[in-house]
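Have the sequence and the 3D view open as you read.

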Amino acid sequence: MERVVHNFNSGPSVLPKEVFEEASRAILDFNNTGLSILEIGHRTSLFESVMNEAIELTKELMHLDADHEVLFLHGGATTQFMQVPMNLLNENEVAAYTETGTWANKAIKEAKIFGHVEVVGSAKDTNYTTIPKDISVTPTAAYLHITTNETIAGTQWHVLPYDCGVPLVADMSSDILSRVLDFNKFDIIYAGAQKNMGAAGVNIVVVNKNILGKVKRTIPTILDYRNHIKEHSMLNTPPVFAVYVAMLTLRWLKNKGGVAAIEKINNKKTDLFYNTLESLPLFTGTVAKEDRSKMNAVFVLKDPALEKEFGELCKSEGMIGVKGHRSVGGFRVSMYNALTLESVIAITDLMKEFAKRKG
Ligand SMILES: Cc1ncc(COP(=O)(O)O)c(C=O)c1O
């Protein structure tokens with residue numbers, strides 16, 4: 001009998017079963033061509049239609065206007081930590097960054113290579129358990145960078161700084177397409193695909209083309225967004241299979257009813273999870289209630305001596321990937337788009353059962 005597992009991994013993470021099925025078929029025979037998706041040329045009409053559909057679906061799901069271009073690039077979100085300032089920040093200029101945790105700090109470190117960084121909001125004092133409020137950005141800043149969801153700390157921006165007065169850049173790696181946002185208010189959005197959008201190996205970049213071409217430095221060909229726009233994300237060989245899986249995941253999301261529909265499902269999942277967490281005195285969430293993430297719930301046990309036992313129980317019951325990040329400890333339950341409500345019911349039932357036993 002097939003073992004039931006519930007995958008709460010933080011990324012790469014759970015994807016829809018339909019996507020796995022379709023992708024496996026395409027490895028053996030892509031669209032009845034007798035060829036595997038892994039052996040077709042990226043400049044064939046076969047693959048061009050995959051890339052086009054991925055781009056068009058992203059535009060449709062995000063309701064993007066004509067100024068916003070969609071790119072599928074290599075290098076993961078980590079490459080964007082450096083590619084953003086390389087394309088937007090002159091050496092003598094200042095970029096505003098918010099410091100919300102591990103990922104924001106990595107972005108800050110890279111930006112400092114290219115220009116000056118002003119931290120305009122920090123959660124360091126709360127050990128990254130909050131999101132900074134009332135940030136004020138100097139109007140001359142090249143842009144404001146935020147990390148909309150801190151995957152390790154378990155915090156998320158719920159009130160977005162749309163009116164910051166300068167171009168807005170967001171690392172949305174761990175909450176892209178999970179909730180309705182005004183995506184056109186952002187000038188750059190980037191995300192590794194491996195959480196809500198597909199398999200590892202590709203990242204999506206949404207860019208407002210009007211903000212490009214303003215830096216003085218020479219940008220290497222492969223790192224200049226304008227070249228990728230011109231070449232339709234085909235400047236060099238794209239990660240063909242990862243783009244294909246992203247396209248299938250976008251199709252799945254569209255069939256589900258789009259971002260508003262998935263947000264409703266995501267809210268059901270997080271309401272159930274956090275209500276359970278709050279009802280059980282044995283467990284404590286580590287994040288301020290108004291700032292907690294709907295994608296990554298981080299919590300500890302009040303009695304740390306019980307953590308090993310709870311961790312082992314999760315493992316024996318097929319709950320995968322709930323161990324907290326080594327820098328935070330405790331537990332982390334990731335509830336990305338493809339995680340089913342059934343999985344959240346399974347883990348909350350287990351938490352209740354454990355609490356009853358420890359009575
Ligand atoms: C918020 C955030 N930004 C950036 C990254 C880095 O992504 P990649 O591994 O694709 O470079 C991660 C990875 O988990 C992340 O969660």
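In which kind of crossing does H2 pass H6? The crossing is left-handed, meaning the near helix is turned anticlockwise from the far one by less than a right angle.

A quick word on the ground rules. This is a predicted model, where local features need pLDDT of at least 70, side-chain atom pairs count only at pLDDT 80 or more, and totals for chains, interfaces and linings use all residues. Residues are numbered from 1 along each chain as its sequence is written, and side-chain values use heavy atoms, with hydrogens and water left out.

**Helix pairs**

Two packed helices are described by the angle between their axes and the distance between the axes. Here are two pairs (helices are DSSP runs of H or I, at least four residues, and strands are E runs of at least two, numbered from the N terminus; axes are lines fitted to C-alpha atoms over the stretch in contact, with angles from 0 to 180 degrees between N-to-C directions).

| Pair | Angle | Axis distance |
|---|---|---|
| H2 (residues 45-62) and H6 (residues 240-256) | about 40° | 9 Å |
| H7 and H9 | about 5° | 9 Å |

That makes H7 roughly parallel to H9, while H2 and H6 are oblique to each other (under 35 degrees is roughly parallel, over 145 roughly antiparallel, 65 to 115 roughly perpendicular, and the rest oblique).

Who touches whom? In H2, the residues in contact (heavy atoms within 4.5 Å) include Phe47, Val50 and Leu57, and their H6 partners include Val243, Tyr244 and Leu250. By class, this contact has 12 nonpolar, 1 polar and 4 charged residues (Ala, Val, Leu, Ile, Met, Phe, Trp, Tyr, Cys and Pro count as nonpolar, Asp, Glu, Lys and Arg as charged, and the others, Gly among them, as polar).

The largest pocket holds about 620 Å³ of space, and Val14, Leu15, Lys17, Ala338 and Thr340 are the closest to its centre of the 24 lining residues. (On a 1 Å grid over the protein atoms alone, a pocket is an open set of points where a 1.4 Å probe fits, with protein on both sides within 12 Å along at least five of seven lines; lining residues have an atom within 4 Å of a point. A volume is the space filled by probe spheres set on the points.) H6, H7 and H9 turn up again here, among the elements that each supply at least two lining residues.

The second largest pocket has a volume of about 290 Å³. H8 (307-316) gives the largest share of its lining, 5 residues.
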